[in-house]
Amino acid sequence: MIGTGAVAVVAVSGACIAGAGGTGPEDPVAASVTSGARSVGIGATTEDWRGTGLSATAIDPRKFATGSCMAFTSPRGASRSETVFIDAGHGGIDPGGTGTTSGGAKVGESQVNLSVVLDAMRVLTSDGYRVVLSRTGQTTVVRLGPDDTDNGLLSVKGAEDDIAARDECANLAHADLLAGIYMNAGSADEAGSVTTYDAVRPFAKGSQRFASLLQSDVLGKVNATGAGVPDGGVLDDTSMGSTLSSSGHTYGHLMLLGPAYPPGGFTTPSKMPGALIEPLFLSDPSEASIADSSRGQHLVAAGLAEAVEGYFK
């Protein structure tokens with residue numbers, strides 16, 4: 001969700017966390033990534049991640065939660081020189097927004113986001129890209145510390161740390177492009193796709209171009225089915241995102257996309273062009289139904305992959 005939800009859901013935003021399930025605290029000495037029956041040590045690569053045949057490498061698992069910040073290539077290796085970082089919004093004890101489909105089924109944002117990015121990763125690796133995902137399971141991205149949680153939920157500090165970890169992952173991966181996949185939520189009469197970028201970064205023109213492609217290609221794929229999702233446009237992120245800290249409100253950008261803000265302690269912004277799309281409103285039953293379907297998730301993923309291809313042409 002744009003605003004507080006797009007950045008993080010924390011303990012004090014109870015409406016967004018009702019019924020959330022957590023993964024429990026991370027093992028502080030864990031330094032491996034599980035892949036099928038194999039445990040892969042620091043810096044090691046598994047050649048058959050979860051039976052997909054893809055090569056997967058954990059990027060500094062001492063810093064990130066188990067299964068988070070992982071790089072993927074096809075079995076043949078990357079034939080393209082570009083690396084794409086994709087962030088699946090929320091995760092673990094931060095479930096994001098919720099909604100209900102036309103048939104009455106409950107939809108959780110963090111799982112929808114994850115399904116989309118895993119699908120997009122498979123498409124892009126098959127096209128020869130190296131793809132880095134912020135998370136590959138229902139976890140946070142940051143390896144949680146004692147001050148990052150509050151009664152089993154993310155604290156304000158934890159929310160900010162988790163977003164900062166996504167940027168750190170993208171930077172450590174030397175990504176050439178960043179894409180954030182989130183879902184929106186609001187009142188029952190709100191609907192539509194919106195893509196945001198940050199206009200004050202040195203690479204703002206590239207971010208704006210990618211944002212335009214992302215909005216057009218994802219919306220085009222979804223609406224080719226007759227879905228009729230409204231076009232909310234491409235917007236800069238000014239005043240669209242903050243966490244619930246006073247410094248977060250003053251910052252006024254999406255941390256995933258925005259500049260450093262040392263007074264608030266955010267000193268590791270992303271170093272590459274990027275955009276964040278919220279293609280559907282989970283609070284709209286029709287759009288929640290699209291988000292909850294494997295077909296809808298694949299259409300969003302295919303649109304993302306098409307936008308990446310267009311950007312690098």
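At 77% relative accessibility, Asn 151 counts as exposed (over 50% relative accessible area; under 20% is buried and anything in between is partly exposed, with a 1.4 Å probe and protein chains only). Asn 151 sits in the loop between β10 (149-150) and β11 (153-154), and its phi is positive, about 55°, although the residue is not a glycine. His 90 also has a positive phi without being a glycine, here about 65°. The loop that holds His 90 runs between β6 (83-88) and β7 (98-100), and His 90 is buried, with a relative accessible area of 1%.

A word on the model itself: it is predicted, so local features need pLDDT of at least 70 and side-chain atom pairs count only at pLDDT 80 or more, while totals for chains, interfaces and linings use all residues. Residues are numbered from 1 along each chain as its sequence is written, and side-chain values use heavy atoms, with hydrogens and water left out.

Taken as a whole, the chain has seven helices and 15 strands (DSSP runs numbered from the N terminus: H or I over at least four residues for helices, E over at least two for strands). Of its 313 residues, 58% are buried. Among contacts (heavy atoms within 4.5 Å) with a separation of 6 or more, 71% link residues 24 or more positions apart.

Now for the interior. In soluble globular proteins, nonpolar side chains tend to be buried together. The largest nonpolar core here has 48 residues, and Ile 86, Phe 210, Leu 304 and Val 308 have the most contacts inside it (such a core is a set of buried Ala, Val, Leu, Ile, Met, Phe, Trp, Tyr and Cys residues joined through side-chain atoms within 4.5 Å). Helix α7 gives this core its largest share, nine residues. Leaving aside neighbours within four places in sequence, Ile 86 touches residues including Val 117, Leu 124, Ile 181 and Leu 304. Another core, of 29 residues, lies apart from the largest one, and Val 132 and Met 255 are among its members.

Helix α7 (residues 294-312) also meets helix α6 (residues 285-292): their axes come within 4 Å and cross at roughly 80° (lines fitted to C-alpha atoms over the stretch in contact, with angles from 0 to 180 degrees between N-to-C directions). The two helices are therefore roughly perpendicular, a label for angles of 65 to 115 degrees. Ile 290, Ala 291 and Asp 292 of α6 make the contact with Ser 294, Gly 296 and Gln 297 of α7.

Conventions:
Parallel < 35°, antiparallel > 145°, perpendicular 65-115°, else oblique.
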